[in-house]
Amino acid sequence: MKKQPDFTQAVRQELVDWRSWRDRAVVLAYAVAAGLAVVGFTMLSELALEGFGALRGLHPLLPLVWIPALTAALVWFTLRWVPGAAGSGIPQVLAALDTRTSPSQRGLFVSLRLSVAKLVLASGALLAGLSAGREGPSVQVAAGVMLHARRWLPARSAVTDHGLLIAGGAAGIAAAFNAPLAGVVFAIEELSRKIENRNSGLIITAIVLAGLVAVSAFGNSTYFGVIRVGRLDSGLLLPGLLVVLCAGLLGGLFSRLLIVSVIGAPDRFCALRRRHPVRFAAGCGFAVALIGIVSGGLTYGSGYDETKGLLNGDPGLPVLFVLLKFISTWLSAWSGVPGGIFAPSLSVGAGIGADIAQLTGSPAGAALIAIGMAGFLAAVTQAPITAFIIVMEMVDGHAMVLSLMAAALGASGLSRLLSRPLYAELAELQLRRLPAVPSTMPPDPGPATTTSFQDSTPARP
């Protein structure tokens, strides 16, 4: 049996080991900086949404010009100057964590420069009125800030680039959703299957600290407020199963559709996207504008207001809201702008739950909406534990822990029958941007993926 530690000696060793304390101080300082970056991103995104709302107020048809023009400009700038900032940002962090990526190549996917560009360009996507979110991009923003800490750490530091990337990416989720627990789970489930034992405490502390920065800025309030859920009984079983079924199938379809369109199917639209990415982006923006006008403006932006309204018991959205928001989010992602899909996915899931509640006449509308949110997000990301914890923390749904967990697991299982994991596939696409090394790397994919939504490097337009 191993000898138990000597308390006095252990304390003395901790006190004299100033190098480890210096490393910890650097990491925690950068965790605060990462949290502040996401807070700033949140504020800028809100200003962008308000700006688009003011623009719409000038004339109801103005989005038909504004959205295509700004979408094309954002894609042009991204492709020309910062291709690593395109898309969600989560695949970039996964690519940077991959063992095939050398330390000198991580800047292709994650860096402080890309974080600044991502913050501005993703806010621009919301200013354009596209159906996009800031939560996924927050992962890349925070990871870039945390990775910058490497320059202040010695080469032999116990803190690795791998640990910094995991801490940063998860800190982005924690700060974006004001949900530290979701950040910790996201680090384990999506970014890494395990955390280094020697640094696990420091990494988790950094994640929680970044989340606390967001709490300090916005208050200890839930993202969507507190839902009012009565006693759950067997009457919720059938409607709940219907919500899980619809959320799982639609989420799997969305994931598959996005993978196919981003990688590039052999059709005229993907061919047009490869040859003329900026024109294609303008066309996607015009379609998003048309859908927004048809929906009365409900499909513009992240969908936060619509989701919150449903949870607060406001009258239901139009029957076609789920379909229109689904298409609008897909087109926004396909256009190639920097932007995420977390918030729009929650909006689509909320719409599914509201529709099923209305169809079945269930009095537990708020519960079904929360189940739909967890189910659709889990189906799209195929990260069920992260999805149900995000929703639980966002709506203060601790009374629904088992229901949300079951919904997320069931919907994710259905999604796996339709689609491969979205972020894993897009991360593989990211890795094709690495310089080809014949002994270790796959052959060059050719022009079919050069203008990928998840920022493969294209020829400059």
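**Note on a predicted helical model**

1. By the rule that a salt bridge is a side-chain nitrogen of Lys or Arg within 4 Å of a carboxyl oxygen of Asp or Glu, the count comes to six salt bridges. This is a predicted model, in which local features need pLDDT of at least 70 and side-chain atom pairs count only at pLDDT 80 or more, while totals for chains, interfaces and linings use all residues. Residues are numbered from 1 along each chain as its sequence is written, and side-chain values use heavy atoms, with hydrogens and water left out.

2. The chain has 19 helices and zero strands, where helices (H or I, at least four residues) and strands (E, at least two) are DSSP runs numbered from the N terminus. Of the 461 residues in the chain, 57% are buried; buried means under 20% relative accessible area, exposed means over 50%, and partly exposed lies in between, with a 1.4 Å probe and protein chains only. Among contacts in the chain with a separation of 6 or more, 81% are between residues 24 or more positions apart, a contact being heavy atoms within 4.5 Å.

3. R420 forms one with E425, with the closest N and O atoms 2.6 Å apart; R420 is exposed at 56% relative accessible area, whereas E425 counts as buried at 18%. Salt bridges that share partners also join D98, R100 and E428 into one network. The side chains of R22 and D23 meet in a salt bridge of 3.3 Å, N to O, and here R22 is partly exposed at 31% while D23 is buried at 8%.

4. The largest nonpolar core holds 137 residues, and V391 and L404 touch the most other members. Such a core is a set of buried Ala, Val, Leu, Ile, Met, Phe, Trp, Tyr and Cys residues joined through side-chain atoms within 4.5 Å. Helix α16 (residues 365–381) gives the largest share of this core, twelve residues. When residues up to four places away in sequence are not counted, L404 touches A370, I371, A374, F388, V391, M392 and G397. As general background, nonpolar side chains tend to be buried together in soluble globular proteins.

5. How do helices α8 and α9 cross? Helix α8 (residues 180–191) passes helix α9 (residues 200–218) in a right-handed crossing. Their axes come within 8 Å and cross at roughly 145°. At this contact, P180, G183, V184 and A187 in α8 meet I204, I207, V208 and G211 in α9. By class, the contact has six nonpolar, two polar and no charged residues.

6. N178 has a phi near 55°, a positive value in a residue other than glycine, and is found in the loop between α7 (161–176) and α8. Q382 likewise has a positive phi of about 55° although it is not a glycine, and is found in the loop between α16 and α17 (384–395). For context, most residues other than glycine have a negative phi.

7. S332 lies in helix α14 (residues 321–334) and is buried at 2% relative accessible area; leaving aside its neighbours within four places in sequence, S332 is in contact with L130, S131, V288 and V337. A357, in helix α15 (residues 342–360), is buried at 9% and touches S362, G365 and L368, not counting residues up to four places away in sequence. A357 and L236 are 121 residues apart in sequence and 9.7 Å apart in space, C-alpha to C-alpha.

Notes
Axes are lines fitted to C-alpha atoms, for helices over the stretch in contact, and angles run from 0 to 180 degrees between N-to-C directions. A crossing is left-handed if the near helix is turned anticlockwise from the far one by less than a right angle, and right-handed if clockwise. Ala, Val, Leu, Ile, Met, Phe, Trp, Tyr, Cys and Pro count as nonpolar, Asp, Glu, Lys and Arg as charged, and the others, Gly among them, as polar.
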